[in-house]
Amino acid sequence: MRNITKFAFALLAGALLLACKKDEPCKVSFPVSAVYLSDWGESTAIKLNLTNVNYITVSSATNGWKAEVDRPSRTLSITAPESADAEGAALSSIITLSASSPSGDMTSASLYAYIVNGTVDLSENGTHSNCYVITQPNTRYRFNASLKGESDERLATASIGIVWQSKTSLVKYLTLDDGYADFYIDSDTDDSDRITNGNALIAAYNSAGNIIWSWHLWLTREDPRTENISTYSNGLTFMNYNLGAFANSDESTDKDEILASYGLYYQWGRKDPFMRPRHYDCADNSDEILYNAKGRYFYITVAKTSASTGTMAYATAHPTVLLSSPEGNRGDWLYGAGDDALWGANAGKTVNDPCPKGWRVPSKEAFTVLDIATAEDNMELDLARKIFGWNLTDKGNSQKHFYTGAGYRSYFDGVLSNVNYKEQYPHTPVPWVGYYWTNGAGANSTGCAMFFDLNTSRATINDFNPVSQEYRANAMQVRCVKE
């Protein structure tokens with residue numbers, strides 16, 4: 001039996017005004033979006049906000065849950081089933097209240113009841129970050145939404161909301177509670193013991209409704225910080241997952257495993273991610289389908305860098321706008337003079353670093369210990385095309401580490417590309433290419449990245465460059481390294 005410790009009641013909908021007269025509003029609402037108890041069989045009571053209500057009752061409470069309204073004290077009492085074995089008991093319930101005004105007008109309000117595994121403070125003891133890894137299902141999560149990244153700089157957060165998520169209802173009942181983002185993560189519909197893989201972007205808004213900061217939620221069934229790591233001969237410990245990915249395909253030719261190993265895409269120096277491809281081979285250059293808080297399709301936009309858009313302030317306030325640099329700005333999304341310290345270089349992790357707490361974008365020299373070994377270089381071409389990536393070999397200890405050839409988003413227009421276009425190759429371009437950012441700065445406002453490709457020619461000429469200089473407006477993969 002699962003060790004259930006708490007359950008949460010989250011607001012399904014606000015009071016629904018049905019037929020009340022304008023001069024006699026009839027309203028029922030809840031003061032909080034979630035109420036938490038410690039175990040089965042326990043009860044709690046919450047105060048109701050009632051306006052012009054003459055009569056109120058619980059019209060339904062499903063799945064073995066009990067609820068009762070005390071009209072004089074304006075209190076709703078809710079009790080969980082006695083145990084998981086109780087007849088009809090379930091992990092969730094919908095509790096509905098019905099009310100009427102003295103004139104007979106009716107209104108109703110409903111909330112969900114969930115049994116959850118507990119509460120996790122993602123930012124506990126100063127562990128606040130730009131990215132939070134979430135692995136436990138049926139859990140209430142929260143983090144400090146009043147701090148920028150891993151700094152102590154305060155935010156004037158007036159509200160909080162979901163900007164996008166990779167599945168509808170991936171993040172449920174997000175609210176701002178005393179400066180904390182508070183939300184519920186459900187289990188996978190096909191496996192109640194596991195989480196649904198996905199990504200989401202949560203934003204803080206000021207009183208004017210403008211975004212002042214945003215955070216990436218990385219939902220993955222296996223913790224990439226502990227279960228999938230490797231230490232290279234240079235002493236650096238890397239995640240085996242790309243940032244925002246759910247697996248490492250490790251030379252598999254399975255299409256689903258390849259797609260799961262794609263991470264999110266980042267412009268050099270920015271903290272906010274851009275979506276993955278919809279198909280494992282970037283077919284039609286189509287993007288992964290995302291949803292906004294209302295469950296509608298969400299799309300990133302592309303804007304040309306300029307004196308007004310090409311600033312860190314604009315990038316922070318517009319985390320879903322990919323800033324292109326078609327001509328005249330050295331391929332940088334930051335307009336005018338570049339900033340080599342956005343991801344810290346050798347000065348330490350910055351407030352813009354997209355990796356979780358304790359991890360960071362790798363240094364410029366981090367990948368120099370790797371190379372494409374002769375065995376991989378001589379791989380039969382048809383198989384090499386299908387694996388979408390290389391097993392890169394650590395020259396210091398001969399260990400192999402698979403890196404997905406996940407392509408990039410173009411600095412010119414933001415479009416996904418995963419095809420080798422180099423003009424000197426004698427044959428038709430074929431997939432794939434791999435670009436992985438480092439925090440290092442190159443010449444002429446470029447950023448340094450680890451680059452590899454599948455060459456269309458044969459025999460030991462597949463390209464590998466651990467410090468390739470690339471346009472900063474390109475959006476590329478990140479493989480986080482431990483601090």
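Predicted model: local features only at pLDDT ≥ 70, side-chain atom pairs only at ≥ 80, totals over all residues.
**Entry 1, N292.** Leaving aside residues up to four places away in sequence, N292 touches V163, Q165 and F298. I then checked where N292 sits: it lies in the loop between β22 (290–291) and β23 (297–298). I also looked at its side chain, and a polar atom there lies 2.9 Å from the backbone nitrogen of K294. One distance across the sequence went into my notes too: N292 and K167 are 125 residues apart along the chain, while their C-alpha atoms are 9.2 Å apart in space.

**Entry 2, the sheet around β28.** Next I traced an open sheet of 3 strands, which has the order β27-β28-β29 and antiparallel pairing. Which strands stand at the edges? They are β27 (370–372) and β29 (400–404); each has a single partner strand, so one side of each is left without a neighbour in the sheet. From one strand to the next, I noted an average twist of 40°. I looked at one pairing in detail: β27 is joined to β28 (residues 389–394) by 3 bridges. Within that pairing, D371 stands opposite T393 in β28.

G434 has F452 of β33 as its bridge partner. The two strands form a hairpin with 4 residues between them, and I jotted down N444 in the turn for its positive phi of about 55°.

Last, I went through the nonpolar packing. The largest nonpolar core has 43 residues, and W390, L392, Y403 and F452 have the most contacts inside it. I listed the elements that give two or more residues to this core; among them are β14 (159–165), α1 (255–260), α4 (381–387), β27, β28, β29 and β33. The largest share, 3 residues, comes from β17. There is also a second, separate core of 32 residues, which includes M239, A303, L323 and F451.

I gave Y403 one more look. Beyond residues up to four places away in sequence, its contacts include Y232, F238, F367, L370, W390, L392, Y436, M450, F452 and R479.

Technical notes: Residues numbered from 1 in each chain as written. Heavy atoms only, no water. Pairing = 2+ DSSP bridges. Axes fitted to C-alpha atoms, helices over the stretch in contact; angles between N-to-C directions. Contact = heavy atoms within 4.5 Å. Polar contact = N/O pair within 3.5 Å; in protein donor to acceptor, adjacent residues only side chain to side chain. Core = buried A, V, L, I, M, F, W, Y, C linked by side-chain atoms within 4.5 Å. Buried < 20%, exposed > 50% of the residue type's maximum accessible area, 1.4 Å probe, protein only.
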